[in-house]
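I opened a notebook for this structure. Below I keep what I looked up, entry by entry.

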Amino acid sequence: MSVVKPAPRVVSRLVEGQAILLDTTQDRLERLNAVGTFIWARIKEKRHNLDEIHAALVDEFDVEPAQARADLDAFIAALTARAMIRMED
């Protein structure tokens, strides 16, 4: 299964518990909420597939699996559309 990784052009920092992403090609900042920050932390580790991130979301936030999957898929789709992440085998 593919692992989710940050695109090389994305730099991130944790500021007061919130992830801030910078797309260096567009000088565009993205500020993530708590769930986005949680997901980004796993993406940044460069070793998690979507199923592992989904399971971690369910455990961490005590959310229904279907809702966690929908939220994860929307987040991944948004980052993919901005070319801020990539999938690697």
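I looked up Val-4 and found Met-87 in S5 standing opposite. The model is predicted, so I keep its rules at hand: local features need pLDDT of at least 70, side-chain atom pairs count only at pLDDT 80 or more, and totals for chains, interfaces and linings use all residues. Residues are numbered from 1 along each chain as its sequence is written, and side-chain values use heavy atoms, with hydrogens and water left out.

I then asked how many bridges join S1 to S5. There are four, and the two strands run antiparallel. Strands count as paired if DSSP finds at least two bridges between them.

Next came the faces of S1. Both are covered. Val-3 and Lys-5 sit on one side, Val-4 and Pro-6 on the other, and all are buried. Buried means under 20% relative accessible area, exposed over 50%, and partly exposed in between (1.4 Å probe, protein chains only).

**Entry: salt bridges**

I checked the charged pairs. The structure holds eight salt bridges. The term needs a side-chain nitrogen of Lys or Arg within 4 Å of a carboxyl oxygen of Asp or Glu.

Lys-5 pairs with Glu-88, with 3.0 Å between the closest N and O atoms. Is Lys-5 buried or exposed? Lys-5 counts as buried, at 19% relative accessibility. Glu-88 is partly exposed, with a relative accessible area of 24%. I also noted a network of salt bridges that links Lys-5, Arg-86 and Glu-88.

Arg-82 and Glu-30 were my next pair. Their side chains meet in a salt bridge at 3.7 Å, N to O. Arg-82 is in the loop between H3 and S5, and Glu-30 is in strand S4 (residues 28-31), 52 residues apart. Arg-82 counts as partly exposed at 31% relative accessibility. Glu-30 counts as buried at 13%.

Then I turned to H3. Arg-69 and Asp-73 form a salt bridge there, at 3.9 Å from N to O. Both lie in this helix, four residues apart, about one turn. An α-helix has 3.6 residues a turn, so residues three or four places apart point the same way. Both residues are partly exposed: Arg-69 at 23%, Asp-73 at 37%.

**Entry: the three-stranded sheet**

I traced an open sheet of three strands. Its order is S2-S3-S4, with antiparallel pairing. Which strands stand at the edges? They are S2 (10-15) and S4, each with a single partner strand, so one side of each is left without a neighbour in the sheet. Neighbouring strands here are turned by 20° against each other on average, direction ignored. That angle is taken between axes, which are lines fitted to C-alpha atoms (for helices over the stretch in contact); angles run from 0 to 180 degrees between N-to-C directions.

Six bridges join S2 to S3 (residues 18-23). I picked out Val-10, whose bridge partner in S3 is Asp-23.

**Entry: helix H1**

I listed the buried residues of H1: Gly-36, Thr-37, Phe-38, Ile-39, Trp-40 and Ile-43. What covers them includes S1, S2, S3, H2, H3 and S5. Contact here means heavy atoms within 4.5 Å.

Ala-34 also lies in H1. It counts as exposed, at 53% relative accessibility. Its C-alpha atom is separated by 8.3 Å from that of Ala-19, 15 residues apart along the chain.

After H1 comes Lys-46, with a positive phi near 60°.

**Entry: helix H2**

H2 covers residues 50-61, twelve in number. From first C-alpha to last it reaches 16 Å, close to the 16 Å expected. The expected span is 1.5 Å times one less than the number of residues.

I asked which residues of H2 are buried. They are Leu-50, Ile-53, His-54, Ala-56, Leu-57 and Val-58. These pack against S1 (3-6), H1 (34-44), H3 (65-81) and S5 (85-88).

Last, I looked past the end of H2. Asp-62 follows, and its phi is positive, near 50°.
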